[in-house]
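Let's take a walk through a protein together. Have the sequence and the 3D view ready, and we will go from the overall layout to single residues.

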Amino acid sequence: MDPSTAQRMTNGPSEAAVTIMQRTYSVSMSAPPAVRTIEQTNNWQEKKGVIANILTKFFGSRPTDEDLIQKRILPSTYPLMPLRLSIIEELCEWLEKNSLKTEGLFRVSGTGTVIRDIWCTFDKEHSTLPEAPYSEHNVSSALKLYLREQPNPLIPYELYSATLSAQRKTGQDQIDGIKQIISQLPALNYEILQRILSLLLKV
């Protein structure tokens, strides 16, 4: 066991890290509202209206190539970038200075071309965001993209079962499970997770 891991197991993860992971576990998705279907209509004019509405929604909300890449439907066109704390720090600092009051900071997607411009700064050892009028959503999307494009997730695959197990627990058992998972993270992953969680607690 390396010294940094031993120290984490002794000191334990921060309460902030445990708290926000608990919040993540407790999020529940509400069911979408019912949609009137063709089978539920008897009048032909109503059927045409329903069909027109379906087609309008379909063609009006066709996903972009960038959306399909994010959903892993299309292969990524981004070059592989190593996982570096300096990049995470740069993006988190920018968001803390400019975006803490932005509604839907990580829910609303940015513009693909702008995100790609930000991505191009990541291949430098000491990346710095150029002085440009970036929107908050472009920078938050660049942060998500950087993590998503890593070949290995921030919480390694070998801890996947333990993470699911902790998610199913409640109370102190869940807290203990989260602490155990965090204590087993590689040193770099641990530092990055702490930095991201500190940002999420502020937004």
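Here is a guided look at the helices and some of their residues.

Before we start, two notes on the source. This is a predicted model, in which local features need pLDDT of at least 70 and side-chain atom pairs count only at pLDDT 80 or more, while totals for chains, interfaces and linings use all residues. Residues are numbered from 1 along each chain as its sequence is written, and side-chain values use heavy atoms, with hydrogens and water left out.

Start with the whole protein. Its secondary structure comes to ten helices and zero strands; helices (H or I, at least four residues) and strands (E, at least two) are DSSP runs, numbered from the N terminus. Of the 203 residues in the protein, 33% are buried, where buried means under 20% relative accessible area, with a 1.4 Å probe and protein chains only. Now think about contacts, meaning heavy atoms within 4.5 Å. Among contacts between residues at least 6 apart in sequence, 80% join residues at least 24 apart.

Next, find helix α6, which covers residues 112–119. Its buried residues are Gly 112, Ile 115, Ile 118 and Trp 119. Seen down the axis of α6, these fall within an arc of 120 degrees, so they line one face of the helix; the arc is that of the directions from the helix axis to the C-beta atoms.

Leaving aside neighbours within four places in sequence, Ile 115 touches Gly 110, Asn 138, Ser 141, Ala 142 and Leu 145.

That brings us to helix α7, residues 136–148, where His 137 sits. His 137 is buried too, with a relative accessible area of 17%.

Finally, how do α5 and α7 lie against each other? The axes of α5 (residues 85–98) and α7 come within 10 Å and cross at roughly 155 degrees; axes are lines fitted to C-alpha atoms, for helices over the stretch in contact, and angles run from 0 to 180 degrees between N-to-C directions. That makes α5 roughly antiparallel to α7, a label for angles over 145 degrees. Among the residues making the contact are Leu 91 and Leu 95 of α5 and Val 139 and Leu 143 of α7.

Conventions
Buried < 20%, exposed > 50% of the residue type's maximum accessible area, 1.4 Å probe, protein only. Parallel < 35°, antiparallel > 145°, perpendicular 65-115°, else oblique.
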